[in-house]
Amino acid sequence: MKRLLLAAALAAALAPPVLGYPITEERKLGDQFSIEAASQLPLLREPAVIETVSRIGQAIVAKLDAPQPFDYRFSVVRDESLNAFAVPGGFVYVNTGLLLRAGNDSELAGVLAHEIGHSHAHHIVRQQEKTQLLSYAAIAGMLLSVVQPAIGAAAMGASVTAQLKYQREFEQEADELGMRYMRAAGFDPHGMASFMKRLWEEQRTMPLDQIPPYMLSHPLTDERIANLEAATRNIPPRAGWQQPSFALERVQAIVRALGADPTTVRARYEKAAAAGGRALALYGIVLLNQGDAAAALANLEKAKAAGQLEVDDDIALARFRSGDLDGALLALRGRVEQAPEDAIAEMLLGQVLLGKKDYAASARSLERARQHAPELDQVEYDLGQAYGRSGDPGRGLYHLARALEMRGDIEQARAQYEKATKLLPPESAEGQLAQQRVERLGEFSHRRIIGR
């Protein structure tokens, strides 16, 4: 009761009038869940996959109504089941199984926009207010159940998970908001409708025990499908919207290369590579992510010579992994001049410069990569190395701690943050953030979801 009264008292100052749950608490819930997820979920950390998903998601976020109370973050879970979920505070999770099912960029954008709509409209906390399940443990345990059912079941039990099924009006609102925002971001709204309609057709023929988690937590109905169809009926489709971008196909190739049977995946892409061009490039990307950098480089260079121009980052990575630092450096310097917002190219350039022991230049490139893609833990780790070796141990420890936190090593992250606070000026941005994370991770260690 005291918490409910406190939430009501703070609502006017901290949240929109519709909410009785303070925005600060919603942010804290999302932050706490993200810490738990990093330590418990099998998150995929491949930069090219994370950057592509985040880029699509952030394009949609940019079209949200201002001002925004959250910094949205997108994560990928290594799980074959078809699932995606939004957590309070702007955290969005999507399974690799769903990435592989997306037929094109607009279909993936439709899923992300729907989840962003849930977060933007505060649906979880609004829904839980109605049932008075406002405690951190109750909501966080149920969220974990939806993102990773096996873990969540251990945390809260399957009976509680059912309460996170979105209410009909919230699903409808997320559809409407998501479709508006994805369209404003340049994606075709037919993508949301086509993906949901395909799921609806599949759901109708599935045994109950085989229905994917996404359809259990985001129930599809005749009414929802009819509304989606009606919303797009008079919207002319964008030319070519049904064709996937090379970036999405790269993501799917990487996911398969890292997750499925290596021989089967290689044979599948090798057979398609006979067509040349894009298929040849994707075969090279599979080889690269299976550890055969030399063969990957040969195929990627052939694909580029044949006109597949979107492989510069892949070629540079193949050269780097083959030990050709000078070749990678030359290619990457040209790439970042041509595309200064290419976070992957900046990250690779930072790594190459780190390998060549040019630590100051490495840190500059990695800082630019971090600015464009703050969700990449590899960038934080490499920044830690660059600053530490250049004689700035405080900043080095700070970024190392951030990488460890993002990778779920919470105790080690807290220890490195504590060391950083002793070396960084207390008034500096890094010093203040390091102290905040020491305190936050300390709270987390006493409130673990798993094993309570």
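A nonpolar core is a set of buried Ala, Val, Leu, Ile, Met, Phe, Trp, Tyr and Cys residues joined through side-chain atoms within 4.5 Å. Buried means under 20% relative accessible area, with exposed over 50% and partly exposed in between (1.4 Å probe, protein chains only). The model here is predicted: local features need pLDDT of at least 70, side-chain atom pairs count only at pLDDT 80 or more, and totals for chains, interfaces and linings use all residues. Residues are numbered from 1 along each chain as its sequence is written, and side-chain values use heavy atoms, with hydrogens and water left out.

Start with the largest nonpolar core. It has 98 residues, and Ile60, Leu98 and Leu99 touch the most other members. Helix H20 (residues 343–355) gives the largest share of this core, 9 residues. Helices (H or I, at least four residues) and strands (E, at least two) are DSSP runs, numbered from the N terminus. Another core lies apart, with 14 residues, including Leu397, Ala401, Leu441 and Phe444.

Now look at Ile60. Contact means heavy atoms within 4.5 Å. Beyond its neighbours within four places in sequence, Ile60 is in contact with Ala109, Leu112, Ala113, Ile116, Tyr181, Met182, Ala185 and Phe187.

Next, helix H24 (residues 410–423). The expected span of a helix is 1.5 Å times one less than its number of residues. For the 14 residues of H24 that gives 20 Å, and the end C-alpha atoms are 20 Å apart, which agrees. Ile410, Ala413, Gln416, Tyr417 and Ala420 are the buried residues of H24. Down the helix axis they fall within an arc of 125°, so they line one face of H24. The arc is that of the directions from the helix axis to the C-beta atoms. These buried residues pack against helix H2 (23–40), helix H23 (393–406) and helix H25 (429–445).

Glu405 sits in helix H23. Glu405 is buried, with a relative accessible area of 13%. Leaving out residues up to four places away in sequence, Glu405 touches Ile35, Ala38, Ile410, Ala413, Tyr417, Arg437 and Leu441.

On a 1 Å grid over the protein atoms alone, a cavity is a set of points where a 1.4 Å probe fits but cannot get out; lining residues have an atom within 4 Å of a point. The count is 1 cavity of 30 Å³ or more. The largest cavity has a volume of about 40 Å³. Its lining includes Glu26, Pro88, His118, His122, His123 and Tyr166. H6 supplies the largest share of that lining, 3 residues.

Note on methods:
1 Å grid on protein atoms, 1.4 Å probe; cavity = no way out; pocket = protein on both sides within 12 Å on 5 of 7 lines; lining within 4 Å. Points joined across faces, edges and corners; volume = space filled by probe spheres on them.
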